[in-house]
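Reader: Hi! Could you walk me through this one? I'd like to start with some helix packing.

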Amino acid sequence: MSKICLQNVSLKYQEQNSSFCAIKDISVSINEGEFVSIIGPSGCGKSTLLSLLTGLNFPTDGYILLDGKQIQGTGTERGVVFQHYSLFPWMSARKNLIFGLKQVYKSKGRKEIEEIADKYLDLVGLGDFKNKYPSQLSGGMQQRVAIARAFAMNPGILLMDEPFGAIDAKNRVILQELLLNLWDNGNERKTVILVTHDIDEAILLSDKIIVMSAGPGTIKKQINVEFKRPRDRTSLIRSEEYTNLRNKLVGLFYDDLIEKIGGDEVVL
Amino acid sequence: MRRILNLTNVLFLATLILELFPSKRDGINAWYYIGLVLLLEIFYILNVILKKDEEKTQTIGDVTAIVYGVLIIWEIFTTKTDLADKLLFPSPSSILSLLISELPELLKGTVSSFQLLLTGYILALALAIPLALVIGWRKRLYKAINPLTKVFGPIPPIVYIPYAIAILPTFKAASIFIIFIGAFWPVFINTLNGVFNVDRRIIDSAKALSVSEGSMLFQVILPATLPSIISGATIGLVMSFILLTAAEMIGATSGLGWYVKYFSDFADYPRVIVGIIFIGVVVTGVTFLFDKIERYLLRWRK
Ligand SMILES: Nc1ncnc2c1ncn2[C@@H]1O[C@H](COP(=O)(O)OP(=O)(O)OP(=O)(O)O)[C@@H](O)[C@H]1O
Ligand SMILES: [Mg+2]
């Protein structure tokens, strides 16, 4: 049985006196321990889909099963990194982590929780900034705090919406590796759903890539990424299989663009 | 030279030179006036010497200059020319000496006023904030209560005074009640709107952490609403002061408002002016303290 199963899921946003269909008729199944990336153009409903999995929104049609049961709301077994970093502005970086950790580890002592918080802030490279308020941090730093909070809570399922979007190339690689280590810590793999605009990131990290298209948001294609792990960036990127897969994804991503500007290939 | 002979210092010299002219009124001890001017100048010069913050020092200089200007005009029209009515416009020195001799009486009044003010005000905060948090958070309750606040909120609380005095057993209870009402509405309405306008993303983020209902209200909604609560509390405080003095002028036998009203009944205008100045000083002190608290509570904001 799959960990997460979406059956003909649609969501219509209710507006003043009309409704807007953000995603339509989506069916996917995701296995336990699977690393799934979602790519697609802006506005195609990626965040909406994630909000359904988070339990903040509910399908207007179809249903979503998590461990065989319909999602009733949010839960600490699902960790979320929002596209907007969504830290609490009145708490320091460290307090933000501690607040999150307290919701998961109800019985753990204060000291233990603080240690976990400090450890994860160090891991994302913010050890020197832990007592700063979000307003005193750059966008990329806030994003890293949000990532640290989700990682520290150690959920079985990670839902991440463009978590590395505002982060520089070097830190991005560090955080991708951190995510992979966390995902597969040797004994039990987490289930990860990652929204990204970065095709290379999707290939390097995922077992499966879901390509969405807009108007209304639907799944265009699901592609399995068979490269064996651990994946070595440099050699993988040079391989022919990689280039082929990448071209295929770029083609799927930009085919309407190809129609618009003419020609039959987009070079990126 | 430019730095020493600036406007503030020139006016300082003018205030002193003025004292070389003979006085037109009798029995005035000019040393009160001179003492005040010297104190102001020492304060100003200390600021210039210590000069932590250029802009702030400049502001202090400008404010001091304005005070000197007012003192000069005041002194000219009273002590020096006696153009103003003696009964209605006492000289700076006589006001100052009276202020000092009346200080024990005024402090007693302050204590009595603050008992009423703080009781009413704190009661209002303690009730309005939690109530508004809960009501604002429950959409249905909010929709039911919001129209009511639009009707009752704008009624000027002063109109309740006669009725409150009639229905409540003591004057004290009546004035606390009035102050309570006056502070309650601004705090309540501001908090309510604050809760309603909390960034959805903050709420979503808290929900994603599966916080309990209590945590949601007091660890998330409350701090997120704090800026609105504080602006409501500031308006509430001003309202409380107005209502306090109004109530005291109507029915009290002690307090700062009573002091001013009592002596104006005897046409003792020097004491009336002393009372007004003293109230000004007290309100300034409270506002200053309030600003400090606000800045501390909202230190996370940019
Ligand atoms: N709360 C809402 N109410 C109404 N419409 C909404 C709401 N949220 C999103 N939408 C609409 O739903 C569609 C999908 O939005 P969504 O945020 O899921 O896109 P996305 O794929 O995450 O885009 P991006 O890559 O830019 O983040 C958009 O057309 C958007 O206008
Ligand atoms: Mg999005």
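**Helix packing and beyond**

Author: Happy to! In this predicted model, helix 10 (residues 213-251) of chain B packs against helix 12 (residues 269-297) of chain B at an angle of about 165 degrees, and their axes are 11 Å apart.

Reader: Are helix 10 and helix 12 of chain B roughly parallel or antiparallel, then?

Author: An angle over 145 degrees counts as roughly antiparallel, so helix 10 and helix 12 of chain B are roughly antiparallel to each other. Their crossing is right-handed.

Reader: Nice. Which residues make the contact?

Author: From helix 10 of chain B you have B:L226, B:I230, B:A233, B:T234, B:L237, B:F241 and B:T245. Helix 12 of chain B brings B:I279, B:V283, B:V286, B:F290, B:E294 and B:L297. By type, the residues of this contact between helix 10 and helix 12 of chain B are 10 nonpolar, 2 polar and 1 charged.

Reader: And how do helix 2 and helix 3 of chain B cross?

Author: Helix 2 (residues 31-50) and helix 3 (residues 54-80) of chain B cross at roughly 165 degrees, and their axes come within 10 Å. That angle makes helix 2 of chain B roughly antiparallel to helix 3 of chain B. The crossing here is left-handed.

Reader: Who meets whom in helix 2 and helix 3 of chain B, and which residues are they?

Author: On the helix 2 side of chain B there are B:Y33, B:L36, B:V37, B:L40, B:E41, B:F43, B:Y44, B:N47 and B:V48. They meet B:T57, B:I60, B:G61, B:T64, B:V67, B:Y68, B:L71 and B:E75 of helix 3 of chain B. The residues of this contact split into 11 nonpolar, 4 polar and 2 charged.

Reader: Switching to annotations: where does UniProt put the transmembrane regions of chain B?

Author: The unreviewed UniProt entry places "transmembrane region" at residues 32-50, 59-77, 114-137, 158-188, 237-260 and 272-290 of chain B. Over residues 114-137 of chain B, the model is 100% helix and 0% strand, with the end C-alpha atoms 34 Å apart. Residues 237-260 of chain B are 83% helix and 0% strand, and the end C-alpha atoms of that span lie 20 Å apart.

Reader: What domain does the record give for chain B?

Author: The unreviewed UniProt entry annotates residues 110-290 of chain B as "domain: ABC transmembrane type-1". That stretch of chain B is 86% helix and 0% strand, and its end C-alpha atoms are 17 Å apart.

Reader: And what about chain A?

Author: For chain A, the unreviewed UniProt entry has "domain: ABC transporter" over residues 4-239. This span of chain A is 33% helix and 27% strand, with its end C-alpha atoms 32 Å apart.

Reader: How much area do chain B and chain A bury between them?

Author: About 1800 Å², with 68% of it on carbon and sulfur atoms. The contact brings together 19 residues of chain B and 22 residues of chain A. B:A208, B:L209 and B:W300 supply 36% of the area that chain B buries against chain A, more than any other three residues.

Reader: What is the phi of A:N8?

Author: A:N8 has a positive phi of about 45 degrees, although it is not a glycine. A:N8 lies in strand 1 (residues 4-14) of chain A.

Note on methods: Residues numbered from 1 in each chain as written. Chains lettered and ligands numbered in written order. Predicted model: local features only at pLDDT ≥ 70, side-chain atom pairs only at ≥ 80, totals over all residues. Heavy atoms only, no water. UniProt positions renumbered as here; feature names shortened; annotations may be inferred. Helix = DSSP H or I, 4+ residues; strand = E, 2+ residues; numbered from the N terminus. Axes fitted to C-alpha atoms, helices over the stretch in contact; angles between N-to-C directions. Parallel < 35°, antiparallel > 145°, perpendicular 65-115°, else oblique. Left-handed = near helix turned anticlockwise from the far one by under 90°. Contact = heavy atoms within 4.5 Å. Nonpolar A, V, L, I, M, F, W, Y, C, P; charged D, E, K, R; others polar. Buried area = accessible area lost by both parts, 1.4 Å probe.
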